[in-house]
Amino acid sequence: MEPVKILIEQLEQILRGSIEMIPQIAVAVVVLVAVWGINHLAHFIFDRALTHTKLRQSLKDLFSLLITLLVWGFGLMVAAVVLFPGLTPASILTESWYRICRHRVCL
């Protein structure tokens with residue numbers, strides 16, 4: 001009967017921890033929805049600004065992709081920091097850089 005009691009205690013701890021994280025998950029979801037809106041707003045402004053320019057469509061698409069990557073990259077970092085309080089943007093960037101450079105020689 002002892003292993004069953006241990007298993008039930010562990011499941012209760014997991015459930016308790018999950019319930020404690022609900023506010024952080026909710027705020028992270030709100031942040032992601034805000035990032036989605038900011039991304040659409042940035043694309044609207046970008047499209048309005050470049051409507052009458054003579055840039056090639058491929059360059060406009062490239063700038064649009066860069067805007068999307070920057071907005072979502074920043075937004076995902078903010079959501080991760082909200083969701084995991086011990087995480088910092090600096091630790092996200094340094095860990096990512098370390099993993100990229102682990103198999104190659106980086107300067």
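**Figure 1. Whole-chain view: contacts across the protein chain.** Take the contacts in the protein chain between residues at least 6 apart in sequence, and 59% of them join residues at least 24 apart; contact here means heavy atoms within 4.5 Å. This is a predicted model, where local features need pLDDT of at least 70, side-chain atom pairs count only at pLDDT 80 or more, and totals for chains, interfaces and linings use all residues. Residues are numbered from 1 along each chain as its sequence is written, and side-chain values use heavy atoms, with hydrogens and water left out. The protein chain has four helices and zero strands, running α-α-α-α from the N terminus on. Those elements are DSSP runs numbered from the N terminus: helices are H or I with at least four residues, strands are E with at least two. Of the 107 residues, 14% count as buried, and buried means under 20% relative accessible area, with exposed over 50% and partly exposed in between (1.4 Å probe, protein chains only). The protein chain exposes about 8,800 Å², and carbon and sulfur atoms supply 73% of that. Accessible areas come from the Shrake-Rupley method with a 1.4 Å probe, and for residues only the protein chains shown count as cover.

**Figure 2. Helices H2 and H3, end to end.** Buried in H2 are Ala 28, Val 31, Val 35, Asn 39, His 43 and Phe 46, and the buried residues of H2 pack against H3. An α-helix has 3.6 residues a turn, so residues three or four places apart point the same way. On the H3 side, the buried list is Lys 60, Ser 64, Val 71, Gly 75, Ala 79 and Ala 80.

**Figure 3. Close-up of Asn 39 and Val 71.** Asn 39 is in helix H2 and counts as buried because its relative accessibility is 8%. Not counting residues up to four places away in sequence, Asn 39 touches Ile 67, Thr 68, Val 71 and Trp 72. Turn to Val 71 and, leaving aside neighbours within four places in sequence, its contacts are Val 35, Ile 38 and Asn 39.

**Figure 4. Close-up of Ala 79.** Ala 79 is in helix H3 and is buried, with a relative accessible area of 7%. Apart from neighbours within four places in sequence, Ala 79 is in contact with Ala 28, Val 31 and Leu 32. Ala 79 and Gln 24 are 55 residues apart in sequence, yet 9.2 Å apart in space, C-alpha to C-alpha.

Figure 5. Leu 55, Leu 62, Phe 63, Leu 65, Leu 66 and Leu 69 make a nonpolar surface patch of about 510 Å². Patches are made of residues with over 30% relative accessible area and no salt bridge, with like charges joined within 9 Å and nonpolar side chains (Val, Leu, Ile, Met, Phe, Trp, Tyr) within 5 Å; a salt bridge is a side-chain nitrogen of Lys or Arg within 4 Å of a carboxyl oxygen of Asp or Glu. Leu 62 is in helix H3 and, at 41% relative accessibility, counts as partly exposed. Phe 74, in helix H3, is exposed at 57%.
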